[in-house]
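Colleague: I am new to this structure and would like to learn how to read it. Could we go through it together, one feature at a time?

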Amino acid sequence: MTLALPPRVRLVHAPTPLERHDALDEIVGARVWVKRDDMTAGAEAGNKLRKLELLAAAARERGATTLVTCGALQSNHARATALVAARLSMKSVLLLRVADPEAAAPPSTGNLLLDRLVGADIRPISPEAYGERVALLEAVRREIDEAGERAYVIPEGGSNGLGALGYVAAMGEVREQLDVGLGGGSSYDVVVHACGSGGTAAGVALGAAHFSVARAVRPVVVCDDAAYFTRVIERIAAEARGHAPELGPPVAIHCDEAARGPRYGAMSEDQLALLVRVARATGLVLDPVYTGKAMAGLVAAVARGDIARDARVLFLHTGGLPGLLAETAALEGVLAP
Ligand SMILES: *Cc1c(COP(=O)(O)O)cnc(C)c1O
């Protein structure tokens, strides 16, 4: 099963490990394999790097000198983009959402520290302005092009059809691991992962079908709701198939909104307790914005019977460590021994 994809810049240290943790099976109540995409690289690691392999190649092909993107203040995607730009001798401009753009500069912690370290041009924007992010990104493109440089705009999360193909390739990587006996069988019942802009889910659903890796994907959404993401993922998947016409339809996509927590970036007490429990039982470090909620969603889905007790689950660990390291205040209360 091969597949022709558009050009990629090699950034991911592949294959990422596929791990078993007996203690995690006990916590979840199903058989779980963890795909360690938090280990796609060093400081730039996480799921965004797989999308950036295709997006950076397209940027280079167009002769871009500057990558432009957007996200939350502690965006993993913006940080990965800034680090990749530095790696490829490009500049980066990041439109980052903050409560009050006029307030004093936020402290350099977590992802923001890394953005600043590599010299990204950081432009704080209000939540209202963030609603117009597509137009704002376009305005930055014009500004850069008029200054004699060449901008390449990457949408929020790197989530367009081209970026999503990084996760089609990732499913091909899992196929090879299964074929040599590293995945404990010939396929999985379901892939579970955190979903925040839909590109990972679209690529996983297409790739799982093409490479017969799993029968379904369960994106655990961390914001908006299941109906919204079902539409977004379908749109991105259709766009991705335009770039890789050999791809057939995706596997079943069951968006799960039950683990969104109080709001984007904040966890419930139960979710925080699970994050701590998993870390102590397995050494796996989850984050409060994405992977901790994905794990909470997986545990709840098995408890409800939406995922069978004996199911074979591929849990995609998408990264997020720098975001965790910026959350010292929220975590202090749950760190008692
Ligand atoms: C961005 C991100 C996700 C969500 O992926 P999308 O493709 O944006 O849905 C999940 N986990 C982590 C750690 C992320 O940074």
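Colleague: Let's start with the largest pocket. Which helices and strands each supply at least two residues of its lining?

Modeller: In this predicted model, the helices that do so are helix 2 (48–61), helix 3 (76–87), helix 6 (133–146), helix 8 (199–210) and helix 9 (226–243). Strand 3 (66–72) and strand 7 also each supply at least two lining residues.

Colleague: What volume does the largest pocket have?

Modeller: The volume is about 910 Å³. Of the 48 residues that line the pocket, Arg-133, Glu-156, Gly-157, Gly-196 and Ser-197 are the closest to its centre.

Colleague: How does that lining divide by class?

Modeller: The lining of the largest pocket holds 19 nonpolar, 18 polar and eleven charged residues.

Colleague: Now the ligand. How many residues surround it, and which are the closest?

Modeller: The ligand has 16 residues around it, the closest being Lys-48, Lys-51, Ser-197, Thr-200 and Thr-318. After such a list, one can look at single atom pairs. An oxygen atom of the ligand lies 2.7 Å from a backbone N or O atom of Gly-196. For Thr-200, a polar side-chain atom is 2.7 Å from an oxygen atom of the ligand.

Colleague: Which residue has a side-chain N or O atom 2.6 Å from a nitrogen atom of the ligand?

Modeller: That is Thr-318.

Colleague: Next, cavities. How many of 30 Å³ or more does a search of the whole structure find?

Modeller: The search finds one. About 40 Å³ of space lies in the largest cavity. Its lining is made of Gln-74, Ser-75, Asn-76, Asn-111, Tyr-264, Val-289, Tyr-290 and Gly-323. By class, three residues of that lining are nonpolar, five are polar and none is charged.

Colleague: How should I read the sheet? In what order do its strands lie?

Modeller: Six strands make an open sheet, ordered 1-2-10-7-8-9, and the pairing is mixed. At the edges are strand 1 (18–20) and strand 9 (252–253), each of which pairs on one side only.

Colleague: Which strands pair with strand 10, and over how many bridges?

Modeller: Strand 2 (residues 31–36) pairs with strand 10 in the parallel sense over six bridges, and Trp-33 stands opposite Leu-314 of strand 10. Strand 7 (residues 188–195) also runs parallel to strand 10, joined by three bridges. There, Val-192 stands opposite Phe-315.

Colleague: Is strand 10 buried or exposed, and how would I tell?

Modeller: Start with the general idea: side chains in a regular strand alternate between the two faces of the sheet. Strand 10 (residues 312–317) is largely enclosed by the rest of the structure because six of its six residues are buried.

Colleague: What about the backbone? Which peptide bond is cis?

Modeller: The bond from Ala-14 to Pro-15 is cis, with omega near -5 degrees. Pro-15 sits in the segment before strand 1.

Colleague: And where are Ser-212 and Asp-224, whose phi values are positive although neither is a glycine?

Modeller: Ser-212 lies in the loop between helix 8 and strand 8 (214–221), and its phi is near 50 degrees. Asp-224 is in the loop between strand 8 and helix 9, with a phi of about 50 degrees.

Colleague: Why does each of them count as partly exposed?

Modeller: The range for that label runs between 20% and 50% relative accessible area. Ser-212 counts as partly exposed because its relative accessibility is 43%. Asp-224 has 44% relative accessibility, so Asp-224 also counts as partly exposed.

Key: Residues are numbered from 1 along each chain as its sequence is written. This is a predicted model: local features need pLDDT of at least 70, side-chain atom pairs count only at pLDDT 80 or more; totals for chains, interfaces and linings use all residues. Side-chain values use heavy atoms; hydrogens and water are left out. Buried means under 20% relative accessible area, exposed over 50%, partly exposed in between (1.4 Å probe, protein chains only). Helices (H or I, at least four residues) and strands (E, at least two) are DSSP runs, numbered from the N terminus. Two strands pair if DSSP finds at least two bridges between them. On a 1 Å grid over the protein atoms alone, a cavity is a set of points where a 1.4 Å probe fits but cannot get out, and a pocket is an open set with protein on both sides within 12 Å along at least five of seven lines; lining residues have an atom within 4 Å of a point. Grid points are joined across faces, edges and corners, and a volume is the space filled by probe spheres set on the points. Ala, Val, Leu, Ile, Met, Phe, Trp, Tyr, Cys and Pro count as nonpolar, Asp, Glu, Lys and Arg as charged, and the others, Gly among them, as polar. A residue is near a molecule or strand if one of its heavy atoms lies within 4 Å of it. A polar contact is a pair of N or O atoms within 3.5 Å; within protein, one must be able to donate a hydrogen and the other to accept it, and residues adjacent in sequence count only if both atoms are side-chain atoms.
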